[in-house]
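Hi everyone, thanks for making time this morning. I'd like to walk you through a model I've been looking at, so please have a look at the screen.

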Amino acid sequence: GERVQGTMRTLTLLCLAGAMEVASAFSSAGSGFASLRTGSITSESSCLPSSRGGLTGLNMAHFVNNKGAKESRKNRPRKARLSDINRKAPEYVVDTMAAARQKMPEYTKTGEADMSSFFKIEGEDGKVFYTTKAPYAAE
């Protein structure tokens, strides 16, 4: 009972150590289990990216570097003075293109189109559309 469990535990540890040794053979020379065991990590090898393209833990950032709108939102001016807190919000025009849109025509007719190459199809709901292929006619 107890002796068998001890033997199984020892066998499991040996298999795990062998698997780690095999895995370290496929990694770069300056990283992995073998270099940790032998103590061959130097300051140059730990700061450089490994051959697999990843970065070591020593080379990672300590905080997030926000970009664009996130940074602007984080650094926006705060309302600290009473004059800022009690100030009325400025009036913004919601639709800036409304005046220009009313001046522009929605459609401009440029002339008559040649519809002789199109086929007119009327749907059951009364909608009409045109297509370049003739509709299928069962004989």
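This is a predicted model: local features need pLDDT of at least 70, side-chain atom pairs count only at pLDDT 80 or more; totals for chains, interfaces and linings use all residues.

The mean pLDDT of the chain is 75, with 72% of the residues at 70 or more. Which elements have the lowest and highest mean pLDDT? Helix 3, residues 43–47, is the lowest at 49, while helix 5, residues 82–85, is the highest at 92. Where pLDDT is low, the coordinates should not be read in detail.

Now the layout. The chain has 6 helices and 2 strands, and from the N terminus the order is α-α-α-α-α-α-β-β. Of the 139 residues, 4% are buried. The chain exposes about 13400 Å², and carbon and sulfur atoms supply 59% of that area. As for contacts with a separation of 6 or more, 2% come from residues 24 or more positions apart.

On to the strands. Strand 1 covers residues 119–122 and strand 2 covers residues 128–131; they run antiparallel, joined by 4 bridges. Together the two strands form a hairpin with 5 residues between them, and glycine 126 in the turn has a positive phi of about 95°.

Last, glutamate 122, which lies in strand 1. Is it buried or exposed? Glutamate 122 has a relative accessible area of 59%, so it counts as exposed, the cut-off being over 50%. Neighbours within four places in sequence aside, glutamate 122 is in contact with Lys127 and Val128.

Thanks, everyone!

Conventions
Residues are numbered from 1 along each chain as its sequence is written. Side-chain values use heavy atoms; hydrogens and water are left out. Two strands pair if DSSP finds at least two bridges between them. pLDDT is the predictor's confidence in each residue, from 0 to 100. Buried means under 20% relative accessible area, exposed over 50%, partly exposed in between (1.4 Å probe, protein chains only). Contact means heavy atoms within 4.5 Å. Accessible areas come from the Shrake-Rupley method with a 1.4 Å probe; for residues, only the protein chains shown count as cover.
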